[in-house]
Amino acid sequence: MFKLNLKIAWRNLWKNKGYTFINVLGLSIGMASCILIFIFIRYQMSFDEGFKNENRIFRVVTNWKYNSYEDFSAGVPIPFSAAARNEIAGFEKVGTILKRGGVISVKDAAGKEKLKSREAVYYTQPDFFDVFSDIKWIYSAPELALSKPNSAVLSEKYAIKFFGSVKSAIGKTITVGDKTNLLVAGIIEDQPQNSSFPLGVIISYETYAGRFNENWDSVNSSTSSYVLLKDGLTAKDVQASLTRFNQKYYPIQKITGNQTNKLQPLRDIHFSEKYDNFADSSINKSELYGLAVIGLFLIITACINFINLTTAQSVNRSKEVGVRKVMGSKRKQLVSQFLTETFAVSLVALLIACVITELAIPPMQNLFKGRIEFSLFAHPVIFIFMAILVAFVSFLAGFYPAIIISKFNPALAIKNKISLNNGGLSLRKILVVVQFSITVILIIGTLVIIRQMQYVQEKSLGFNPNAVAMVGIPTDSLSKIKYNTFKERILRIPGVKEMSFCQSAPLSSNINSSDFTYNGIKNEDFELRNMRADENFFKVFDLKLIAGKIFRKSDTANACVVNETFLKKMHILNPQDAIGKVIRASGNTVPISGVVKDFNDQSLKERISGLAIFPGNDQYWNVAIKMDAEKLVSSMKEIEAVWKESFPNGIFDSGFVNESINSYYESEQIMGTLFKVFAGVIIFISFIGLFGLISFVATQRTKEVAIRKVLGASTIELVKMLNGSFLIMVFIANLAAWPLAYLFVSKWLSGFVYRVDISVWPFALAMVISMAITLITVSIRSYKAAVANTINALKYE
């Protein structure tokens, strides 16, 4: 029976090739978009999965709560792990891992340097690999390879990079910095892309010079601790012990901010908004939910096309239904027949969708700058998704038309006197309104996202980042002696205007903050962000002083400059009142020499910090170089040459401040691109469906059009008659979409502290776009019907 139904389905589909093409095209594009969205969501949701004890593995994070300020860090104090291992009974294993940067050099058998590169290195305790026991060791074991000082473990990738093969890496030596020689004592398998632990170069924790630090008030986000709970315990079970631990080691009278540690589940790390991770890769789950909703919208839009065209065409198949009913076919057999037709269309659409997906995967990977590798059939779950997708589309798109067609009266059907009732017409109009409401919502969302990203790129940040390069400099004692000579040579390069020694650019995620005292009184309301820079920092970035003066040139901190936000938080109305007042923070006790106009020190998603800029020669690791924009290329080449001559043992590392600022909005830019693409897809699907629907309506009303034309109706009047109902439906769709679109864009913009106002123009423009495309699409087909030869339509009447 199924074979017969399939044969009949094929004949009917081939008979109506035009409408079949529209249905297949809409469904295949919709399915391809859904598959791409599914692949992306599946990749993101798979982060850190597969560990056999993943429900028992937690990262320990640190929180602070001041009177009017909260802060969060993915790190813990250095002494945490040792104390927790001994005092929290619910922890089976506690492992410390620290991420740092280092210059790795490798020498050949003759002692000549053959490779030098800057890499992330991880100082790790053997217990870390007891927590993550699924990480496979190719050679050695954690207790053997990481228990002694000056030993290292490499991943397969780095073993091959440094020594050509895994086998030849064992027993060889690599050098970190200038002096630390490490023996390669173990090899682990490469970690997958969907891991928050991109381990490459792992160094024994016993090698880390700062491991004896006992300061519980010092937290670095790259110093992490992972714990494995005892079997059968949950985070709630150990909460009481952790609370007692916090009270013991973070007493309020010694450590401000109500500092506490808490547990974060392993699978939450990749989706965390508050805490970063070693992979520098995270995504908000709400963004994934948003993409999933767009995918649902896409497939619903394609199904609406199918329903509208199929129910509209059903009149033409009334005789077939009548004859089959007279011959004894039951209604369920007819429903089965029409569902089989839908299934056949869905299956063909899926095959085409797979081809479209394969073609779209490379551009999608380029969107993520090659950091993510997608594959259509990389995971078996994709086949399950495809099967569900075909079943969902077949049922959603086929069930209603099958019910409508199968209930035709056989006597009327054979006489060809079937006409769709008002309910059918009403439902079809409702579906068109729903379809275009979805389209309008995405158009509005896309317009607002584009406008916000333009605002982010164009907004004045309070400093000038144009044509400024940040160049890393070595911080060892020998290199520091060369700083002044290096600066003199750089300033002689044509095109170089100014240069400043500093830690980072004015806008940076590299945040150092601490508690502080102002004029002898300890502040309990917020932490003070500390920046380190020399006196030229203000010229390089065009920072504006509103009171006082810049600190004088000095090797040590002799004064500091604060910003306006600091004064606001301290309730100081007159900037002059702050001049000369003493700040004690981060080991410095210095007077305030000046007040600088506010600038955005973090991305526009965050508020401006209360901050102070201190000089401090011992704590610079970058130079900011201001150049002539027209000589950037030539100047950078000479800067690199001078740098390599000055610091031959280092690795030149540079980047432009503008590029760094744009990278803070990479996730939003990607989402904006995806919105534009999928909004375009939905618009395309909607309007090819609209074209098919108006084509059928025009065909059904051919005689009416011909009679009106004979009675004197003009072509414009006929086009208006055919267009009117569609334009009204699109207008209603706009009105229905506006409240939902407003809620969506308001929610998205709430992620930015500095954002555009929601004005009426995106809504008005969305209406103009949808109405204009509808008018063009419908008019093309209705004009063709209006100018058709009336004799052909009426010659048999």
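**Close-up views of a predicted model**

Asp280 is exposed, with a relative accessible area of 64%. The structure shown in these views is a predicted model.

**View 1. Asp280 and Asp48, two residues with positive phi.** Asp280 belongs to the loop between S11 and helix H9 (285–313). Its phi is near 50°, a positive value in a residue other than glycine. Asp48 also has a positive phi, near 60°, and is likewise not a glycine. The loop that holds Asp48 runs between helix H2 (17–45) and S1. With a relative accessibility of 2%, Asp48 counts as buried, whereas Asp280 is exposed.

View 2. Helix H3 spans residues 80–87, and its buried residues are Phe80, Ser81, Ala83 and Ala84. The buried residues of H3 pack against strand S1 (57–65), strand S3 (91–107) and strand S10 (223–229). Helix H8 (235–249) and strand S11 (260–265) are also among the elements they pack against.

View 3. Phe245 and Tyr249 are both buried.

**View 4. The ring pair of Trp643 and Phe652.** The ring centres of Trp643 and Phe652 are 5.7 Å apart. With planes at 75°, the pair is edge-to-face. Trp643 and Phe652 are both buried.

**View 5. A cluster of aromatic rings.** Ring pairs link Phe51, Phe128, Phe129, Phe132, Trp137, Phe197 and Tyr226 into a cluster. The count for the model comes to 38 aromatic pairs.

**View 6. Two lysines over ring faces.** Lys285 lies over the face of Phe271, at 4.9 Å from the ring centre. Lys459 lies over the face of Tyr754, and here the distance to the ring centre is 5.0 Å.

**View 7. Ser634 in helix H19.** Helix H19 covers residues 632–646, and Ser634 is located in it. Ser634 is partly exposed, with a relative accessible area of 38%. Its side chain reaches the backbone oxygen of Lys631 at 3.2 Å. Ser634 and Ile493 are 141 residues apart in sequence. In space, the C-alpha atoms of Ser634 and Ile493 are 9.5 Å apart.

**View 8. Cys34 and Cys560, two buried cysteines.** A disulfide is a covalent bond between the sulfur atoms of two cysteines. The count of disulfides in this model comes to zero. For Cys34, the closest cysteine sulfur is in Cys303, at 8.9 Å, which is too far for a bond. The cut-off for a disulfide is a pair of cysteine sulfur atoms within 2.5 Å. Cys34 is buried, with a relative accessible area of 7%. Cys560 also counts as buried, at 0% relative accessibility.

Note on methods. Residues numbered from 1 in each chain as written. Predicted model: local features only at pLDDT ≥ 70, side-chain atom pairs only at ≥ 80, totals over all residues. Heavy atoms only, no water. Buried < 20%, exposed > 50% of the residue type's maximum accessible area, 1.4 Å probe, protein only. Helix = DSSP H or I, 4+ residues; strand = E, 2+ residues; numbered from the N terminus. Contact = heavy atoms within 4.5 Å. Polar contact = N/O pair within 3.5 Å; in protein donor to acceptor, adjacent residues only side chain to side chain. Phe/Tyr/Trp six-rings, centres within 6.5 Å; stacked < 30°, edge-to-face > 60°. Lys NZ or Arg CZ within 6 Å of the ring centre and 35° of its normal.
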